[in-house]
Amino acid sequence: MTGSDSTEYRHERETMVVTQLENRGIYNQRVLDAMRKVPRHLFVEKALRDQAYADCPLPIGYDQTISQPYMVAEMTQILELLPHDRVLEIGTGSGYQTAVLAELASRVYSIERIHGLLTRTMKQIDRLGYDNIVTKCSDGTDGWLEQSPFDAIIVTAGSPRVPEPLKEQLNIGGRLVIPVGDGFSQILMKITRKEDGFIERSMMGCRFVKLIGRHGWEDKKT
Ligand code: SAM
């Protein structure tokens, strides 16, 4: 999807893929290839580039984080993306997960609630040449009705519950992955839409910043 096959930090990326992803059970070859390709160091500030491939989340400003590489890979693998899929992402953040999704699906719709963060991130996404990413600044817990239904939806912030609009905006056969729990820790849930309802599965424990919005946590600052 992009011409950015960055040779910089290639060795660090390969080590990350082998030690943090393959050794922990990430088996989907398309996901591994995307993680080998996307230059994660370009999604963090210059001072943090040498830490970009470490096994942890990193700060991206605005009290937010770029997720740990393993968590990005695990959530992406759970989505079982096909090349023609249309994906909705809630929580653009640094845009790293967005870029990984854009390598694997036909189009990615991504929503971020922090305007300054989204403006900065879009500049980077444009510089890297991604032409299949569409973003907007709003409360992603409402989903993106005009662009629905989606084959896959990923929420990259922790929610007290599964927002109903997101379930309703899934295609039949569509998959939703979302961390659900309290403000401290969550369970990664996979929800699959079937003809006659939804199947919910708990996948693993995780820890994310809060999903703030109408169907998530209340914004304490307003
Ligand atoms: N996937 C991102 C990455 O790779 O950098 C990490 C995202 S960070 C853990 C979670 C993001 O969700 C933050 O940027 C936060 O502002 C955003 N967010 C929280 N609540 C939101 C909402 N209701 N709608 C859209 N974005 C939201």
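1. **What you're looking at.** This is a predicted model, so to speak of a local feature takes pLDDT of at least 70 and side-chain atom pairs count only at pLDDT 80 or more, while totals for chains, interfaces and linings use all residues. Residues are numbered from 1 along each chain as its sequence is written, and side-chain values use heavy atoms, with hydrogens and water left out.

2. **The overall fold.** The chain has six helices and nine strands (DSSP runs numbered from the N terminus: H or I of at least four residues for helices, E of at least two for strands). Its radius of gyration, taken over C-alpha atoms, is 16 Å, close to the 17 Å that the globule rule (2.2 Å times the number of residues to the power 0.38) gives for 222 residues, so the chain is as compact as a globular protein of that length. The C-alpha trace spans about 45 × 40 × 30 Å along its principal axes.

3. **The shell.** Around the ligand there are 27 residues, and Ser94, Glu112, Asp139, Gly140 and Ile212 are the closest; a residue counts if one of its heavy atoms lies within 4 Å. By class, the shell has ten nonpolar, twelve polar and five charged residues, with Asp, Glu, Lys and Arg as the charged class and Gly among the polar ones. Strand β2 gives the largest share, three residues.

4. The peptide bond from Ser148 to Pro149 is cis, with omega near 5°, and Pro149 sits in the loop between β5 (133-137) and β6 (150-155). Tyr62, in the loop between β1 (58-61) and β2, has phi near 55°, a positive value in a residue other than glycine.
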